[in-house]
Amino acid sequence: MVKGLIDSKRLWPVLGIFVILLILPPLHAPRFYIYILSLMFVTSLLAMSLNLTVGYGGMFQFHHCAFYGVGAYTFALMLTKTSLPMWVGFIAGPIAAAVVGLLIGWFCVRLTQLYFGMLQISLGSLIWAIVFRWYNFTGGDDGIHGIPRPSILSSSNNTYYFILLVLVICLAALYTIVKSPFGATLQAIRDNPQRCEAVGINVRRHQLIAIVIATFFAGIAGDLFVVLERSVFPDLLFWTLSLEIFIMCLLGGWFTFAGPMLGAAIIVALRTFVGKYTEYWTLILGVILILLIFFLPEGVMGYLLRISKSASQRISGRSQVDAASRGHA
Amino acid sequence: MLQVEAMHKSFGDFAAVYGANLNVERGELVAVIGPNGAGKTTLFNLITGQLRPDKGKIVFKGEEISGLPPYEICKRGIGRSFQIVNIFPRLTVFENVQVAVLSQQRKSSNLFSPAQNLAVEETNRILESVGLSHKAGSIAGSLSHGDQKVLEIAIALGNEPELLILDEPTAGMSPEETTATMELIKQLAEEQGLTILFCEHDMEMVFDIAQSIMVMHHGQTLIQGKPEEVRENKEVQEAYLGLDAAQPNGGEVDA
């Protein structure tokens, strides 16, 4: 169960039903809820991309939102400062994020654990500082607002569908990567980097590729944010947001594939609905986090999977386990 | 096949390996013996690149490999197991070996095909040859210590090494498990023609199966020769039975 979502045979139907359910709401729900759902999708993608390095790679990717911000700003600047078609900017966003990921990652993978995390926070904060101060180019602390978007995306329903479509494609890609030899090797590195070197794996290079992939997807999430909000601001790169998405991974279950998505949905919902009543919604987040550490160390998704697994074992007994091990062999 | 010449390695003031020499011919089963703290594990770590030598030369298949990173040395054909269990505890037994096989097949960076369909045959063959097939689906961390040590060897075999280095393959095993593992090592050497370099504390076993024995003492090579030569050597008898028998294990760097 540590190994990801339920096996793939059961995953696809579940995912299918889920997607169909998500296609329906715009027909009935008020615009506010459509917006919240869209925001959940964007944040989900961001959290899932982080989890590739944190949950699967065991790396202390402490400043992931720096890459999210780079993606968003690149896309926003391409839309406002150039007359290139939208799709060029849409591709440029994640590429810029991945290039920055490569540069920062190149230094980070040379350090271990906490030092990796500290260096990333410093380098990421540097990018934040540049964005924050460079008024002529990035708009400084005001950010950029009223970014034009193509008429096809002007209605909130269409934006919703567009974001959902991109999310589903990205999830399929991430799932494929996690289940590929690359993903298997990445998890082996997380468990035991020394042993990996001894079986002929270039650990640093492998980790660096994982960072580049994760930052690429963070860049796509940045793109989607621009599509949804039509604005960018320096808070997108501020370290508190990185902490928040880190918590999403922990809350949802960082050893599961879909966990971070659930964590993102919970946090966005909390921020929206609790934030309406009190500006101290982070207080509630803090309490939840403390309860989480004591009662659900594997996160919500990890807990649900454990329950469902032990239930199905009670029903089908040993045969299930045997079949599972045969299926593997 | 493998020549180690005048190898030196110090940790601070402590000279763990101080003038070690070793020669391994293709197809041989070579043992390194010596009291605790003699520098056996340090020597192995130097050969496979976990440590960088201060001085000395390591030549494998005519090529100098000293100072290369571990993964480069592995790619040149040296596989190894570790004295202290060093596996992937959260992965299944199958996946533990598969990681090594995928690396051997240069597929570790493949992003798009499902891993569960790759390297399956090879992995199963290795698990069968070491007798772990029936546990393929178990999480490695839940195995008994003896099985984990066998899995150590299986992971090393995943790289199809030409030279297999085993660091105390039977450490912590029950007598039955030890016998079974020694049988396995003999079988790997005889049936698959693997060249094996190992170190071991059970002298009876060592003299029984090794074709060549190197004796280390205080980081130095006392002698390397056939089992009979080693048995009759005065210095070796002294190292094991003489003054040093009373010496405490201070300076143990085997871990």
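Among contacts in chain B between residues at least 6 apart in sequence, what percentage join residues at least 24 apart? The figure is 66%, where a contact means that the C-beta atoms of two residues, placed from the backbone, lie within 7 Å. The model is predicted: local features need pLDDT of at least 70, side-chain atom pairs count only at pLDDT 80 or more, and totals for chains, interfaces and linings use all residues. Residues are numbered from 1 along each chain as its sequence is written, while chains are lettered from A and ligands numbered from 1 in the order in which they are written.

Chain B contains nine helices and 10 strands; these are DSSP runs numbered from the N terminus, with H or I over at least four residues for helices and E over at least two for strands. Its C-alpha atoms fill a box of roughly 60 × 40 × 35 Å along the principal axes. The radius of gyration of chain B, 18 Å, agrees with the value near 18 Å for a compact globule of 255 residues; the radius is taken over C-alpha atoms, and the globule rule is 2.2 Å times the number of residues to the power 0.38. Of the 255 residues of chain B, 46% count as buried. A residue is buried if 20 or more other C-beta atoms lie within 10 Å of its own, exposed if 12 or fewer, and partly exposed in between, with C-beta atoms placed from the backbone.

An open sheet in chain B has four strands in the order β2-β1-β4-β5, paired antiparallel. Two strands pair if DSSP finds at least two bridges between them. The edges are β2 (14-24) and β5 (63-64) of chain B, each pairing on one side only. Inside the sheet, β1 (residues 2-11) and β4 (residues 55-60) of chain B are joined by five bridges, and Glu5(B) has Lys57(B) of β4(B) as its bridge partner.

Helix α1 (residues 40-47) of chain B is mostly covered, with eight of its eight residues buried. Among them are Lys40(B), Asn45(B) and Ile47(B). Just after α1(B), Gly49(B) has a positive phi of about 90 degrees.

Most residues other than glycine have a negative phi. Glu168(B) has a positive phi of about 45 degrees and sits in the loop between β7 (163-167) and α6 (175-191) of chain B. Glu168(B) counts as buried because it has 21 C-beta neighbours inside 10 Å. In chain A, Arg230(A) has a positive phi of about 60 degrees and lies in the loop between α10 (203-229) and α11 (239-252). Arg230(A) has 18 C-beta neighbours inside 10 Å and therefore counts as partly exposed.

Helix α10(A) also packs with α4 (residues 86-108) of chain A, at an angle of about 145 degrees and with axes 7 Å apart. Axes are lines fitted to C-alpha atoms, for helices over the stretch in contact, and angles run from 0 to 180 degrees between N-to-C directions. The residues of this contact divide into 14 nonpolar, six polar and one charged. Ala, Val, Leu, Ile, Met, Phe, Trp, Tyr, Cys and Pro count as nonpolar, Asp, Glu, Lys and Arg as charged, and the others, Gly among them, as polar.

The contact between the chains takes 38 residues from chain B and 28 residues from chain A. On the side of chain B that touches chain A, α3(B) gives the most, with eight residues. By class, that side has 19 nonpolar, 14 polar and five charged residues.
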